[in-house]
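Opened the notebook to go through how the two chains meet. Here is what I looked up.

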Protein chains: 2
Amino acid sequence: MPKNPQPELAPVDRAILRLLAADGRMPNNAIAEAVGIAPSTCLSRIRALRERGVIRGFHADVDPAALGLGIQAMIAVRLHAHTRGAIEAFTAEVPSLPGVLAAYHLAGGDDYLLHIAVPDTDALRDFVLEHLTAHPAVAHTETSLIFAHLRTTPWS
Amino acid sequence: MPKNPQPELAPVDRAILRLLAADGRMPNNAIAEAVGIAPSTCLSRIRALRERGVIRGFHADVDPAALGLGIQAMIAVRLHAHTRGAIEAFTAEVPSLPGVLAAYHLAGGDDYLLHIAVPDTDALRDFVLEHLTAHPAVAHTETSLIFAHLRTTPWS
DNA sequence: GTTGAAATGATCCCGGC
DNA sequence: GCCGGGATCATTTCAAC
């Protein structure tokens, strides 16, 4: 029985991930102390986690409302043709659409969910009309306002 | 004409946010140099952004698949009663459900979207049956597998 | 993989503007 | 507000295990 190519994550690595998911700017030596290893060891483990892609990056969580984007919505999108080309073309354009926070490519009845942030409802309408319904690959959209958005880190 | 209580974000603050959204571990002095201010000034501006809630936090972006959660899904949930009590009760429980990455409380036909990560399809079925359909407030659910998940930072 | 120790580099407070 | 300088603290390298 060959060894797992993606070996079990060591408990100490999980502890590091838990801390960094909670506070991405926690100093390396504080993490080292919290998990019980030397700072130099901790540094090399964090580097390895980044290189292996376990940690994909570190990001500030910015409140969109503070930037004048006070309204968030989720837009379900159905495309006309489910060809690889149409999907790839749409996928390629999505990140450049203004106000898109996230895009989910789904396997269900809808093809995409777009999570967007806009200044006001006029901008929301304009977004849908200009970038979605006017798009040749888009067959149908359905927009829902987002009242609240909770993020959690299940492994922390 | 009174001054805006949430005054326009200074261009230098926007530049700082753009950098920290892209790399949450960028050193303060590197940010200071990039935006053209002194490190001490930069530090105080970042602190002010945190205290004002513009920056809500810093987090490592961890790949769920690396933790054994190789399947992601979006589950649309409708509740029976749209009373404040039912919604608040459900909202309170959602963050403690295993594998929940995010919950969106919507204004549309569905009440919630749950973004979850699980090890396999068995765990997905168990999640829906144990935590959603068995819940007294839940009227209906609809699960879609997530093929891809793109995150963007529109202001960067 | 882990470590301690030493050099480099960053944070952060404060006095002055 | 913004800055400079200096004390404190963190990161990073490296030789040794």
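I began with one pairing: Ala102(A) has Arg151(B), in strand 5 of chain B, as its bridge partner. Strands here are DSSP runs of E, at least two residues, and helices are runs of H or I, at least four, numbered from the N terminus; strands pair if DSSP finds at least two bridges between them.

Ground rules: this is a predicted model, with local features needing pLDDT of at least 70 and side-chain atom pairs pLDDT 80 or more, while totals for chains, interfaces and linings use all residues. Residues are numbered from 1 along each chain as written, chains are lettered from A and ligands numbered from 1 in written order, and side-chain values use heavy atoms, without hydrogens and water.

Next I checked the contact (heavy atoms within 4.5 Å). I got 55 residues from chain B and 55 from chain A. Together the chains bury about 5,300 Å², 58% of it on carbon and sulfur atoms; that is accessible area (1.4 Å probe) lost on putting the two parts together, summed over both. On the chain B side, Arg25(B), Tyr104(B) and Trp155(B) lose the most area to chain A, together 14% of what that side buries.

Then I looked for salt bridges (side-chain nitrogen of Lys or Arg within 4 Å of a carboxyl oxygen of Asp or Glu). There are four between chain B and chain A. Asp61(A) and Arg56(B) form a salt bridge through their side chains, at 3.2 Å, N to O.
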